[in-house]
Amino acid sequence: MQYTANSLENQWMPFTSNQEFKQTPRLIVKGEGVYFTDHMGGKVIDGSSGLFCCPLGHGRKDIAEAVYEQLLENAYASPFMTSTPGGFELAQKVARILPEPMNHVFFTNSGSESIDTSLKMVMAYHRARGDGQRTRFVSRERAYHGVNIGGVSLSGMVKNRETFTSVMPNVVAMRHTWDPENVFTRGLPEKGAELANDLLRFCEMYGASTIAAVYVEPIAGSTGVLLPPKGYLQRLREICDETGILLVFDEVICGFGRTGSPFAAQEFGVTPDIMTLAKALTNGAQPMGAVAVKDEIYDTICDASPENAIEFFHGYTYSGHPAACAAGIAVQNAYEAEGTFAQAADMSEYFLDGLFSLQDMDCIKDIRGYGMLGAVELKAKGNPGALGTQIQKDLFWNGMHVKFTGDTGCVAPPFISDKSHIDEMIEKLRKTLETI
Ligand SMILES: Cc1ncc(COP(=O)(O)O)c(C=O)c1O
């Protein structure tokens with residue numbers, strides 16, 4: 001299959017150097033198991049589960065058939081004041097694996113929409129309790145919470161913010177959790193739990209009663225797999241319990257088994273009040289996100305509303321889209337039937353052994369990892385990110401897909417990877433990094 005530069009011109013690509021890409025396209029034309037095929041026929045092993053979306057790998061017939069059958073049966077109905085059965089079934093399946101007492105699930109179409117939806121839920125909850133003066137949000141440096149205005153306001157990545165200056169006011173950021181003293185730590189660092197006290201400092205500075213919620217990714221994924229120090233999430237929970245601030249976990253990457261448990265909340269033993277989800281909810285087969293909340297949040301918002309009135313003035317034309325729900329149900333069935341999260345937990349040691357075996361390479365500044373999520377941070381050369389961008393491309397032509405942020409490659413294999421797939425990924429990483 002041949003593509004000319006002109007034929008690629010019309011699509012404005014997301015988070016991509018359009019001009020460079022259109023000169024040297026990297027098109028994926030097929031996905032099967034843990035492999036992609038590129039437009040020149042090359043085989044590319046998927047080292048990042050697409051964008052952390054595909055624990056079951058690619059080309060699953062059961063998911064495709066579920067979507068196909070749903071589209072034939074009923075492709076669309078309004079989710080406002082009518083509904084379709086799939087959303088209820090999927091919400092029930094997700095609620096079964098959520099930590100108690102999180103039993104209510106609101107559907108969106110992406111992680112970014114989940115974040116913005118959750119911000120509105122936080123506002124609605126506090127207002128319903130007569131606590132509407134809580135207007136300030138706390139997030140963290142080096143956070144990534146998607147690209148809608150709410151998510152950008154919470155995010156801590158300069159490139160994602162500096163062009164877009166009219167974001168939400170009243171957001172302050174705690175320090176991130178990466179500490180040079182913890183380099184090459186496998187699993188959770190011992191040091192750093194006290195960084196959670198940044199939240200306390202904001203309480204002391206602004207008054208806890210003005211703070212609505214604190215947002216964290218349990219493991220900050222997109223900015224390079226920054227792990228929470230031992231005790232850090234627990235400390236955030238304690239401060240929230242003492243002050244009435246809501247704790248929101250953005251589990252868009254961690255959710256659905258990436259840490260070895262269904263959610264990072266269970267893996268780390270800390271239950272948030274609200275959890276944002278997307279990606280592996282449908283194994284990436286349909287765009288979908290979700291927000292899960294504790295019963296108290298759902299009940300408070302619903303109970304505050306006059307009888308028979310709409311309780312939450314929010315929703316998307318495609319909330320709980322039938323095809324997305326069909327994909328989600330098929331995927332959740334597969335996770336359960338195939339023990340997919342246990343597969344991730346079982347393969348984690350082997351994967352991390354492989355990743356940390358690269359530690360001898362001079363070009364590497366740090367390696368981090370937990371579950372089936374790891375990072376290889378390179379020593380920058382020239383402009384920050386220039387080396388990472390080049391290596392991502394080189395890796396692709398050497399037959400491996402890895403998502404880079406700046407100079408850090410985020411390695412997140414599909415959970416169906418066997419040892420030979422992990423070996424192949426580590427070998428391709430080493431071979432490509434040797435060229436630096
Ligand atoms: C933690 C986190 N939150 C939110 C998002 C945004 O999700 P989406 O790209 O589906 O809008 C991402 C995407 O990578 C993410 O990693």
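Predicted model: local features only at pLDDT ≥ 70, side-chain atom pairs only at ≥ 80, totals over all residues.
**Reading the shell, sheets, helices and domains**

Me: Why are S11 and S14 called edge strands?
Reply: The open sheet has 4 strands in the order S11-S12-S15-S14, with antiparallel pairing. Strand S11 (364-370) and strand S14 (403-405) each pair on one side only, so these two are the edge strands. Direction ignored, neighbouring strands of this sheet are turned by 20° against each other on average.

Me: How do you know that S11 and strand S12 pair?
Reply: Pairing needs at least two bridges between the strands. S11 is joined to strand S12 (residues 373-378) by 6 bridges, so the two count as a pair. They run antiparallel, and Gly-369 stands opposite Gly-374 in S12.

Me: What makes helix H14 part of the picture here, and which strands does this helix touch?
Reply: Helix H14 (residues 386-397) packs on the sheet and touches S12, S14 and strand S15 (408-411). The direction of H14 makes about 175° with that of S14.

Me: Why is the pairing of S8 with S9 counted, and how do the two strands run?
Reply: Strand S8 (residues 246-250) and strand S9 (residues 274-277) are joined by 3 bridges and run parallel. The requirement is at least two, so they count as paired. Val-248 stands opposite Ile-274 in S9. Both strands belong to an open sheet of 7 strands, ordered S4-S10-S9-S8-S7-S5-S6, where the pairing is mixed. Strand S4 (102-108) and strand S6 (171-174) are the edge strands there.

Me: Which helices lie across strands of this sheet?
Reply: H4 lies across S4 and strand S10 (289-294), running at about 135° to S4. Helix H11 (residues 295-303) lies across S4, S9 and S10, at about 90° to S10.

Me: What makes the crossing of H4 and H12 left-handed or right-handed?
Reply: Helix H4 (residues 85-97) and helix H12 (residues 322-338) pack at about 35°, with axes 9 Å apart. A left-handed crossing has the near helix turned anticlockwise from the far one by less than a right angle. H4 passes H12 in a left-handed crossing, and therefore the turn is anticlockwise. On the H4 side the contact includes Gly-86, Leu-90 and Val-94, and on the H12 side Ala-326 and Ile-329 are among the residues. By class, this contact has 6 nonpolar, 4 polar and 2 charged residues.

Me: What makes up the contact of domain 1 with domain 2?
Reply: The protein is divided into domain 1 (6-60 + 339-433) and domain 2 (64-337), and their C-alpha centres lie 25 Å apart. Domain 1 gives 31 residues to the contact and domain 2 gives 29. On the side of domain 1, helix H13 (340-356) gives the most, with 7 residues. That side has 18 nonpolar, 9 polar and 4 charged residues.

Key. Residues numbered from 1 in each chain as written. Axes fitted to C-alpha atoms, helices over the stretch in contact; angles between N-to-C directions. Contact = placed C-beta atoms within 7 Å. Nonpolar A, V, L, I, M, F, W, Y, C, P; charged D, E, K, R; others polar. Domains from an automatic or database assignment.
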